[in-house]
Amino acid sequence: MSRATDASSRTLTELAEGVQAGDITSLNLVREAFERADRVDADLHALKSKLTEHAERAAADVDERHAAGLDVGLLGGVPVAVKDIFKLADAHTTAGSEILDWPPGGTDAVVVERLRNAGAIMLATTTTMEFAVGPPDEERAPVPRNPWNLARYAGGSSSGSASAIAAGIVSAALGTDTAGSIRAPAAYCAVTGLKPTYGLVPKSGCVPLAHSLDTIGPMARSARDCALMLGVIAGHHPSDPTSVRRRVPDYVRAPVADTTGGAASAVGADQEELAEASLSSRRARIRC
C-alpha cells in the first residue's frame, strides 16, 4: 500500500481482504491511522489513548506472517479501536473515570482477546462518559465531537468509537450498549452499530454499568462489517455464565429471515431529497 493510498473511507471487510491478498500491509494501515488521528483528533477528542508501540509491533508481526505464507486471521492486520471500558493487557482502562485505573498487565477482556486472535490490531481506546453513563461533562473532560459537524455531540457513551469511525481513523470499533449507547452514537455519526441480544457476547473484562442489561457490540461502516465482527466476538465463554451456549453462525452469509409471509415488499425513497441531504452533510464533514 502506498503512502498516498487513503484507507479512511474503506470498510473493515475491504481492508482485511487487502491485507490477506498482499495489496496492503498492516504496518502501513496502522501508521496511516495514527497519522490521521494526529491530524483530526485534537478537534474530535474521540481517542482516549493511542497504543502506538504495541500496534506497530503487532502489525509488523502480521506482515511477517503473511510474507511467510501463514494465516493472518479473518481480521488480519486491520487496526480497530475499543471503548475505554474493556480490560487491555497493554493499556490502562479507566472507564472515563478519574477514580478507576485498571493498569496494563494480565489478560484482555474476552472480546478484545477474540479480536486479537482474529488478527485485528488494537490501535487505540476511545473516549466514553464516566462509567458509560450520564450526559457529557465538558468541565471534567473533553467530549467527543461529531465529525460531520464539530459543533455537535457524537451521541452516548460509545461516542468516541462512533466519532473515530466516522472521521476515518478506524474502520471499526467496539462499543457497549445498556440503554442506547451503541445505537445513538451510530445514528448521530452516520455509521452502523449493533446491539446484540443479551448474552450473545460475553462481558468478562468489561467494566459493568448494569450487569443484567449491558451488551457489547460492533460499530463499523457497514452492516456487513458489523456481522463480520459479531462472528468473531460472539459465543459462550466460561468466565461469563450469562453468555449463551449456542453455535455462532456465519452472520455475514446467514440467510435473512422472510418476515413478509411471501408477499412482495418494496421501499421507496425520494432520490432528490436524499442527494441534497448527502451533499449538505459532506460539506459539513471534517476534511483533513
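Across which strands does helix 7 lie?

1. Helix 7 (residues 223-233) lies across strand 6 (172-177), strand 7 and strand 8 (215-220), where contact means heavy atoms within 4.5 Å. Its angle to strand 8 is about 140°; axes are lines fitted to C-alpha atoms, for helices over the stretch in contact, and angles run from 0 to 180 degrees between N-to-C directions. Helices (H or I, at least four residues) and strands (E, at least two) are DSSP runs, numbered from the N terminus.

2. The model is predicted: local features need pLDDT of at least 70, side-chain atom pairs count only at pLDDT 80 or more, and totals for chains, interfaces and linings use all residues. Residues are numbered from 1 along each chain as its sequence is written, and side-chain values use heavy atoms, leaving out hydrogens and water.

3. The open sheet has 6 strands in the order 1-3-2-6-8-7, with mixed pairing; two strands pair if DSSP finds at least two bridges between them. Strand 1 (47-50) and strand 7 (192-193) are at the edges with a single partner strand each, so one side of each has no neighbour in the sheet. Strand 1 runs antiparallel to strand 3 (residues 121-126), joined to it by 3 bridges, and Leu47 stands opposite Thr126.

4. Helix 4 (residues 110-117) packs against helix 7 at about 110°, their axes 8 Å apart. The contact involves Val111, Arg114 and Leu115 of helix 4, and Met229, Val232 and Ile233 of helix 7.

5. Just after helix 2, His45 has a positive phi of about 60°.
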